[in-house]
Amino acid sequence: MAPLRVFLVLLFGILVMFQTFSLPGQFAHMAQESPDQAYLRWPMTAVSVFWLLCIQVVIVSTWKLLTLVKNDRIFSDASLAWVDVIVWAIVAAWVVLLGVFLYVGFHASDPGLPLLLFLVLVGVAVLGLLMVVMRALLRQATTLRTDMEAVI
């Protein structure tokens, strides 16, 4: 679990760097280079930062779940709450992605970007539904463990 924690910290730090420096700077540069699309600077910055925030929520929740595993408390209501946080972060990111997909789809002159966004939209939906299945499995395992402890 230690290597996973190292990479979670590394990923979180990289995401913070992107949120504060890279993305705002990139969209400011885009606005300077393409003044006709400068109106997209702040919406694109906000949406991108929001998506990274959703990923950060998943990282923190995963860290908390790893702590529960380490303390042998993964089969508890606390773990279900953290999985719920992950599911809702994915749902929030997906809803915003759907909005971006619809906006781009109605304004695109080329099908490339809408198709790419559709692929990502389906991928995020699959990830979210997979987390719902994993949550159901965790709930069943928690119930089984609670029942076994009651018998013993």
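**View 1. The largest pocket.** In this predicted model, the largest pocket has a volume of about 500 Å³. Here a pocket is an open set of points on a 1 Å grid over the protein atoms alone, where a 1.4 Å probe fits and protein lies on both sides within 12 Å along at least five of seven lines. Its volume is the space filled by probe spheres set on the points, which are joined across faces, edges and corners. Lining residues, those with an atom within 4 Å of a point, number 18 for the largest pocket, and Leu 40, Met 44, Val 100, Tyr 103 and Val 104 are the closest to its centre. Helices α1 (2-33), α2 (41-70) and α3 (77-107) each give two or more residues to this lining, with the largest share, 5 residues, coming from α2. Helices are DSSP runs (H or I, at least four residues) numbered from the N terminus. By class, the lining of the largest pocket holds 13 nonpolar, 4 polar and 1 charged residues. Ala, Val, Leu, Ile, Met, Phe, Trp, Tyr, Cys and Pro count as nonpolar, Asp, Glu, Lys and Arg as charged, and the others, Gly among them, as polar.

**View 2. The second largest pocket.** About 240 Å³ of space lies in the second largest pocket. Look for Cys 54, Ile 55, Ile 90, Ala 93 and Leu 127, which are the closest to its centre among the 13 residues that line this pocket. Helices α2, α3 and α4 (112-151) supply at least two lining residues each. The lining of the second largest pocket divides into 13 nonpolar, no polar and no charged residues.

**View 3. Helix α1 against helix α2.** The axes of α1 and α2 come within 10 Å and cross at roughly 175°. Because angles over 145 degrees count as roughly antiparallel, α1 is roughly antiparallel to α2. Axes are lines fitted to C-alpha atoms, for helices over the stretch in contact, and angles run from 0 to 180 degrees between N-to-C directions. In the contact of α1 with α2 there are 23 nonpolar, 6 polar and 2 charged residues.

**View 4. The largest nonpolar core.** A nonpolar core joins buried Ala, Val, Leu, Ile, Met, Phe, Trp, Tyr and Cys residues through side-chain atoms within 4.5 Å. The largest one has 10 residues, including Leu 65, Val 83, Ile 90, Met 131 and Leu 138. Helices α2, α3 and α4 each supply at least two residues of this core, and the largest share, 5 residues, is from α3.

View 5. Tyr 39 sits in the loop between α1 and α2. At 55% relative accessibility, Tyr 39 counts as exposed; the cut-offs are under 20% relative accessible area for buried, over 50% for exposed and in between for partly exposed (1.4 Å probe, protein chains only). In the loop between α2 and α3 you will find Asp 72, which has a positive phi of about 55° although it is not a glycine.

**View 6. Two residues of helix α3, Ala 92 and Gly 105.** Ala 92 is found in helix α3 and is partly exposed at 26% relative accessibility. Gly 105 also belongs to helix α3 and is partly exposed, with a relative accessible area of 38%.

**Notes.** Residues are numbered from 1 along each chain as its sequence is written, and side-chain values use heavy atoms, leaving out hydrogens and water. In this predicted model, local features need pLDDT of at least 70 and side-chain atom pairs count only at pLDDT 80 or more, while totals for chains, interfaces and linings use all residues.

Key. Angles under 35 degrees count as roughly parallel, over 145 as roughly antiparallel, 65 to 115 as roughly perpendicular and the rest as oblique.
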